Amino acid sequence: MDELRERVRSAVSRSRPVARTPRWFTSFRAIAAILLIAGAIVATIVVTSRGPVLASAAELSRIHRDNRSEGSHAIAVGSIQSARQVLTTQWSDCPQLPQVPGEVLESCHVHQFGGKRFACFALKLDGQHLSLAVAHAADMQLPAGAKSFTRGGINYYVQASGGVNIIIACRDGLWICVMGELPVERMVDFAASLRA
């Protein structure tokens with residue numbers, strides 16, 4: 001009986017036509033795959049090319065403290081020239097760096113924040129640790145609601161967090177942020193002395 005069943009099953013399976021996928025359906029699947037890949041590429045571009053980002057005072061204070069730590073991934077430099085060489089190997093679109101008076105630089109690195117980059121420097125001013133961040137002005141927002149004043153035609157925005165004073169200004173297409181424990185007036189003097 002089993003043998004008879006097996007012969008019937010074999011005969012029935014041979015007589016059924018093999019279902020083939022229509023040619024147009026295969027093309028449709030290929031087009032759908034291409035559209036899916038293109039959509040993923042567009043989504044990646046949109047996400048990574050968002051508008052300017054806002055770094056809060058607390059985040060900038062943390063960046064300053066990290067910049068001073070031993071475990072920082074900063075590279076030792078002694079001048080703005082050597083900093084330019086280091087930074088351009090890490091970031092081909094690095095903005096023009098301002099001249100830092102007195103060549104007081106200690107180290108630098110490229111920091112990423114909110115999908116945007118900025119150059120970050122550790123330096124000493126009046127014997128105190130200071131951090132300087134520089135980015136393309138179009139990549140960073142100015143802090144809304146921060147105290148501000150104008151000196152020499154440039155607006156300076158003042159914030160503080162965790163004992164760290166933060167001075168932000170935009171000029172010459174650069175977003176410049178100075179962070180440290182020095183008095184605000186001294187830090188503004190330093191920020192004003194930076195030249196492109």
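Two strands pair when DSSP finds at least two bridges between them; strands here are DSSP runs of E with at least two residues, and helices are runs of H or I with at least four, numbered from the N terminus. Welcome to a predicted model, in which local features need pLDDT of at least 70, side-chain atom pairs count only at pLDDT 80 or more, and totals for chains, interfaces and linings use all residues. Residues are numbered from 1 along each chain as its sequence is written, and side-chain values use heavy atoms, leaving out hydrogens and water.

Let us start with the sheet. Its eight strands form an open sheet in the order E1-E2-E3-E4-E8-E7-E6-E5, paired antiparallel. Strands E1 (75-76) and E5 (147-151) stand at the edges with a single partner strand each, so one side of each has no neighbour in the sheet. E1 joins E2 (residues 105-113) through two bridges in the antiparallel sense, and here Ile75 stands opposite Cys108 in E2.

Now to the aromatic rings. Rings of Phe, Tyr and Trp (its six-membered ring) pair if their centres lie within 6.5 Å; planes under 30 degrees apart count as stacked, over 60 as edge-to-face and the rest as tilted. The whole structure holds two such pairs:

| Pair | Centre to centre | Angle between planes | Type |
|---|---|---|---|
| Phe118 and Trp175 | 5.8 Å | 50° | tilted |
| Phe149 and Tyr156 | 5.8 Å | 25° | stacked |

Phe118 in strand E3 and Trp175 in strand E8 are 57 residues apart, linking distant parts of the chain. Buried means under 20% relative accessible area, exposed over 50%, and partly exposed in between (1.4 Å probe, protein chains only). Phe118 and Trp175 are both buried. Tyr156 is buried at 1%, whereas Phe149, at 28%, is partly exposed.
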